[in-house]
Amino acid sequence: MIPFPPRAAGAPLALPAGELHLWAAPLDPPAERIEELRALLAPDERARVERFRFEVHRRRFAVGRGVLRALLGAYLDVPPERLAFTYGERGKPDLAPGSAAAGPLHFNLSHSHELALLAVTREREVGADVEQLRPLDDLEKIAERFFSAAEHAQLMALPEAERVAAFFRCWTRKEAYLKALGVGLAAPLDAFVVTLGPQEPARMLTLEGDAERAARWALAHLEPAPRYFGAVAVEAAGLAVRAWTLAF
């Protein structure tokens, strides 16, 4: 299991080639930190904050985007508020030309409930997903609809007490891969098969029926906080993974 020791973000942060960095960040920091992070946002991000109906959702988005800016700014040695983003067809953010003067930087941000997960690398496009573990009344129906036949069968063969954890292992691995591609749930989740059993390493088994194509993808299972599962996906082998929990 990849540990997530606490660490404050420095300026700048070193990201050597060959490393993949992961940051877990609580989305409910002290009030003064919330305001500091809100102040980093661009006008379009502040407008987006205001479109949320409930304050809890405004806070989570503002803190998550502020953390993203603070950490990327530390890696690039650029003031966080000066960073600019572009967005892919499915909304995946990327640094705008001119923001990454320190060299290529790939990242992906995910959040669930009160936790955000950021993955950063210089090597390849990367995808990350985090989910709060919680009971799902329609777990079997969701798995039957979105998982491959093999994944659904393996999930339902597990003891009932183990199914929620197995479901989220499978779901986060699939989401991380699709987010690395920048397509999200627009692509079929049953076109590839991942491991989900409690004793199985995180791995893609087949990609559109091809085991060799699947083997080009590296997956890692994460438990960045109690009652949260996550996953990271990158099309590269041998990256050294380092992880921290952001200490506010």
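**Exercise 1. Classify E131, then describe its salt bridge with R134.**

Solution. 
- Step 1. In this predicted model, E131 has a relative accessible area of 13%.
- Step 2. Buried means under 20%, so E131 is buried.
- Step 3. R134 has a relative accessible area of 32%, which makes R134 partly exposed.
- Step 4. The side chains of R134 and E131 meet in a salt bridge, at 3.6 Å from N to O.

**Exercise 2. Find out where R33 and E36 sit, and how exposed they are.**

Solution. 
- Step 1. R33 and E36 both belong to helix 1, residues 31–38.
- Step 2. They are 3 residues apart there, so about one helical turn separates them.
- Step 3. Their side chains form a salt bridge of 2.1 Å, N to O.
- Step 4. R33 is partly exposed, with 24% relative accessibility.
- Step 5. E36 is partly exposed too, with 42% relative accessibility.

**Exercise 3. Explain which parts of the chain the salt bridge between E114 and R60 ties together.**

Solution. 
- Step 1. The closest N and O atoms of E114 and R60 are 3.1 Å apart.
- Step 2. E114 lies in the loop between strand 5 and strand 6.
- Step 3. R60 lies in helix 3.

**Exercise 4. Name the residues in the salt-bridge network, and give the count of salt bridges.**

Solution. 
- Step 1. The network links E35, R38, E55 and R58.
- Step 2. The structure has 14 salt bridges by the rule used.

**Exercise 5. Give the strand order of the sheet and find its edges.**

Solution. 
- Step 1. The open sheet has 5 strands, in the order 1-12-2-6-5.
- Step 2. Its pairing is mixed.
- Step 3. Strand 1 (6–7) and strand 5 (106–112) stand at the edges.
- Step 4. Each edge strand has a single partner strand, so one side of each lacks a neighbour in the sheet.

**Exercise 6. Describe the two neighbours of strand 2 in the sheet.**

Solution. 
- Step 1. Strand 2 covers residues 19–26, and strand 12 covers residues 240–246.
- Step 2. These two strands run parallel and are joined by 6 bridges.
- Step 3. Along this pairing, L20 stands opposite V241.
- Step 4. A24 stands opposite T245 in strand 12.
- Step 5. Strand 6 runs antiparallel to strand 2, with 7 bridges between them.
- Step 6. P26 has L115 of strand 6 as its bridge partner.

**Exercise 7. Describe two of the aromatic pairs in the structure.**

Solution. 
- Step 1. There are 10 aromatic pairs.
- Step 2. One of them is F52 with F61, at 5.7 Å centre to centre and 40 degrees between the planes.
- Step 3. Planes under 30 degrees apart count as stacked and over 60 as edge-to-face, and the F52 and F61 pair is tilted.
- Step 4. F52 is partly exposed at 28% relative accessibility, whereas F61 is buried at 11%.
- Step 5. F147 and W171 form a tilted pair as well, at 6.5 Å and 40 degrees.
- Step 6. F147 sits in the loop between helix 4 (139–146) and helix 5 (149–157).
- Step 7. W171 sits in helix 6 (residues 160–181), 24 residues from F147, and the pair links distant parts of the chain.
- Step 8. F147 is buried at 3% relative accessibility, and W171 is buried at 13%.

**Exercise 8. Name the cluster of rings that includes F147 and W171.**

Solution. 
- Step 1. Ring pairs join F147 and W171 with F146, F167 and F168.
- Step 2. The five names F146, F147, F167, F168 and W171 make up the cluster.

**Exercise 9. Which ring does R7 lie over, and which does K174 lie over?**

Solution. 
- Step 1. R7 lies over the face of W244, 4.7 Å from the ring centre.
- Step 2. K174 lies over the face of F192, 4.2 Å from the ring centre.

Conventions:
Residues numbered from 1 in each chain as written. Predicted model: local features only at pLDDT ≥ 70, side-chain atom pairs only at ≥ 80, totals over all residues. Heavy atoms only, no water. Pairing = 2+ DSSP bridges. Helix = DSSP H or I, 4+ residues; strand = E, 2+ residues; numbered from the N terminus. Phe/Tyr/Trp six-rings, centres within 6.5 Å; stacked < 30°, edge-to-face > 60°. Buried < 20%, exposed > 50% of the residue type's maximum accessible area, 1.4 Å probe, protein only. Lys NZ or Arg CZ within 6 Å of the ring centre and 35° of its normal. Salt bridge = Lys/Arg side-chain N within 4 Å of Asp/Glu carboxyl O.
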